[in-house]
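Thank you all for making time this morning.

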Amino acid sequence: MPNASERFRTSLRLAWRQITHHWSYPLAHLIVLAVFFIALRTAEDISAKAILETIPGDIGIALASLAGILIAGASASRSPGAKFSELEQSFPGGSEVILGRSLASFLASILFLIEPLLFAALNGPWDSFLSGLPIYLAEGCLTVALPVALVWLLAHRSGLPTWSYPLLGMVWLGFFGLGYLTPFYSNPAFGLLNFMRHGSSYYSEMWGRLLLDETPRWADLFYVGLGVAALVLLWLVQTANRLHRVPAAAPLLLAASLVLSGFSAVQYSGITSDWLTNHTPWVQTIDPATHVPRQHVAEPYPFGEPPAVEVDVRNYDLTLDFSNEAPKFHATLELGNDQDRALQEFVLLLNGRLALTESSLPCEKQGIWLRCSAPEAFAPDGTLRLELSYEGTIHEAGMIPSRDWQLKDFILPNGLRLSPQAAWYPIPYSPSLEDQGVRNDIFLLRKPALVTLEVIQSASHPYRLASNLPHVDANRFESQGATWIFLIGSPNLVEEQMGDIRLVTARNDLEAVRGAAERYRDIYETYRTIFPAVNTHTALVMALGEELGLPEETHTPPTLEQPVIISSRYVLWSMGAWDQSLSSKYYLGDAVLAEFWLLNRATQLGDEAWSYPSMLWQVNNSPVWYATSSFLWEYYESGGDALDLAERINVRIADQAGGPGESPFSQIVNGLLQVYQQGGQAGLVHAINQLSLMSEETYNTLYAENPEALRQWIVEAGDEAL
Amino acid sequence: MNIEIYNLSKSYKTTRALQEVSFQIPGGVFGLLGPNGAGKTTLMRILATLLLPSAGKVRVGDWDVTRQPNEVRRHLGYLPQEFGFFGNLTAFEMLDYIAAMKGVPRNQRKTAIESALVSVGLEDRARQNIRTYSGGMKQRLGIAQALLGDPSLLIVDEPTAGLDPEERIRFRGIMGQLGSQHTVLLSTHIVADIEASCDRVAVLQRGRVVFNGTPAGLAAIAQGRVWDVELDQAEWTALQSRYHLISSRPQNGHVHLRLVGTENPLGRGTPRSPGVEDGYVALISNDNQFVEVEHA
């Protein structure tokens, strides 16, 4: 045994020396270093942990595993290549020499993780680096160990010919490319074979990696099983060849490791298949006629004919209790019937994973559908109180562009993210909204409701909470009018009041998004002077990550108390204080204007302002809104200087497709410019107020074909203020 | 160290490389002679524990090569027919690695390596990279590595193939020295190597042992059948099917020949004392008839 140990150490040392003292080894490190510090330097703005857990970290593991394949191939082929094999087979010993050499290959390969670690460490902060280090090292080592062990198994007897190295590299690249090249890779189980580490997701500084359920654990165990199986097989083959016997424990170990691997793969696939087939509240289809994507409730209505009418929710009183292991929910709803006939029953949407435990009215839940019966006819203009208790957790996934799946809405020990699309609170089913089928709107209320939301936190995992609803205290939110409820919680969540802006973001993103938040503040203060009727004192800006769902929506509806802007930190970074591009206008100016526009309408038109599809048209498709947003952006950029503004407007008109003709755009912006030149800000305020109240029907009927008339109308509206 | 081989057979898919081979090697330098494909390397590889026999038994000292391969390896120094080293290492580094593999204790390694290098005359080249070595030096380094661990048995397969005459002579000298301390099994198809180094010799032909005895015994097989004769080309063409040619040399428009055959060629031949090579040729030409001239 001492001899075996000495042989193991000596072979390890020699193989290590032969690998690392070859000129190609430091050269390969230099190349990897260049990849990180030149090609990936755009990732410098994210935290160390984010680097390790996202694409740069994955690339680091991928390069290390590629290096592992080549190093293992070269190392395993060294003896056969030098014709030393037959000699060394005559030496005493078992498989310790092969194990020592393969360990040297593995160690030399995982040193390629140094570059991503260095890159991450230099990015900091230090605590972020240290918190990301253990998982990165563990997963990196597991991922690299498998190809190294497989190549040793393949090559240790007779070595590999030189031509096979590119082939092995191509096989490796093939696994990587499967994610992008083949349609069947949309099955996330293929992520198991990705030597860049299992699957992937965008990184969130708020919640870390948004991987599905326990898939990381099963993927890791899959790799452990396969790696051990390869090693045991290597041991078995080597012992059989050298000692002419099979080690008694080897078949047992081999079987156990293969069972572990297979079981883990099945579990992994089971989870991911479950995502593909169940529990997705909505689906997106493409309208074949218009090619417009539309969203629908995924599950067909199970209780016969789907309802043609809907109820209103006028008041929500929601309690989320996370103090127990299984989250419990209690919802008290005040329902209204604004139909012209009595309702015998009504239908709500509630996430399919949530189980109804108690209800004050007879209710039946199947999947996402919750059908309740009114005790007596629910008369027009009447109200009805409904109390529901339900429990369960929320785990909703979505597909990201690389065809991997990541969590979207979830309740986890390290935080929660609940968007309306997860239907975590009862949402009245609106056939009219589903007919519109536009993005997330099917989970919005048609009319704003009074909402109170209280969260009872787990004592063991407390975290900070934020919502689109205004805070009452740390765990309580209230709004006098909201059409949606978005709740997030994380230990990494921070809030900062920056003048009139309340910035909500992740601790590690705070520094990076402050610049954009300051611009929001400037724009907000400027635009607020244009909409004096809107009684708001603060705007909520949530700078989140690349989580699916809400952050991709630039124009999230406001609550009655505050504009609500939810954006991706990546967008905000690029919109820092220096950016003057049209992107800034879109992501900053338009985002703020859309909130004021809708609030202005809500203040003066009441519930009508929220009705679909007019709300959607108002801040997305309306030529009036678009032209006004361009004018106001130049107004903001010029600081109110009339001459500068005029020059900017002329440039903007010239930039428009078709040039400075008689388009609605040029007529509207020229009209607003004329108003400003003649009546100053007071005229502008009045004219824009009138424009924001204009309906789609009015525009189409009177002005769509006659934009000159619209310009005159704007000028007259401005004159009224004088 | 005594080696005993009983009814050893080895078959590959379509070939019977060894057929019921039995003999003993009592010690000293033992030669294994035979034409290419006779089964020498197969036998050597079985003895070196690299190959499992299809049938039969081989004992090296007290150990069975099939059941106790590691015990055999602990007492074995092996030089295969074709081998190489890691060219980027020096001879000393390479031998240090091999010594560790053979279980030479760390504190004895340096002495053992130096001693092995002295034995093969490479002590002055110990710190040179192996890739700078000539073929003969590599061959000597091969012997040096075989000597590490002080093995009781040395198996050397075709060690002089491809060496120049000077290296070959040097090599035979080394073999002779080793025979006094180790059991050496030397496989070759070069009869002169056997003549120069071996105490005993076995001849393999088509997987069978056709001779087992001393080199002198092997030479004696040709007693009375070795002739020197001078013939013209036409005469030789007529006779050649009945004789085995040992050597030929052109002389004055004729050919001076050394032949093995039962009859005096054309009555003009001069009888000569047989050498080992003559005996070997006579034996091989006897077409696999075992000639037990002298048992061990």
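Predicted model: local features only at pLDDT ≥ 70, side-chain atom pairs only at ≥ 80, totals over all residues.

A search of the whole structure finds 26 aromatic pairs over all chains. One of them joins A:Phe222 and A:Tyr223, and because their planes stand at 70 degrees, with the ring centres 5.7 Å apart, that pair is edge-to-face. A:Phe222 is buried, at a relative accessible area of 8%, and A:Tyr223 is buried as well, at 4%. Coming back to B:Phe83 and B:Phe85, these two also form an edge-to-face pair, with 5.5 Å from centre to centre and 75 degrees between the planes.

In chain A, the charged end of A:Arg217 sits over the ring of A:Trp218, 5.0 Å from its centre, while in chain B it is B:Arg127 that lies over the face of B:Phe92, at 4.0 Å from the ring centre.

Now to the surface. A:Trp23, in the loop between α1 (2-20) and α2 (24-39) of chain A, is exposed, with a relative accessible area of 60%. Together with A:Leu27, A:Leu30 and A:Ile31, A:Trp23 forms a nonpolar surface patch of about 460 Å² of accessible area.

Finally, the domain assignment of chain A gives domain 1 (2-217), domain 2 (307-491) and domain 3 (622-720), and the centres of domain 2 and domain 3 of chain A, taken over C-alpha atoms, are separated by 40 Å.

Conventions:
Residues numbered from 1 in each chain as written. Chains lettered and ligands numbered in written order. Heavy atoms only, no water. Patch = residues over 30% accessible without salt bridge, like charges linked within 9 Å, V, L, I, M, F, W, Y side chains within 5 Å. Areas by Shrake-Rupley, 256 points an atom, 1.4 Å probe, with all protein chains shown as cover. Salt bridge = Lys/Arg side-chain N within 4 Å of Asp/Glu carboxyl O. Helix = DSSP H or I, 4+ residues; strand = E, 2+ residues; numbered from the N terminus. Buried < 20%, exposed > 50% of the residue type's maximum accessible area, 1.4 Å probe, protein only. Domains from an automatic or database assignment. Phe/Tyr/Trp six-rings, centres within 6.5 Å; stacked < 30°, edge-to-face > 60°. Lys NZ or Arg CZ within 6 Å of the ring centre and 35° of its normal.
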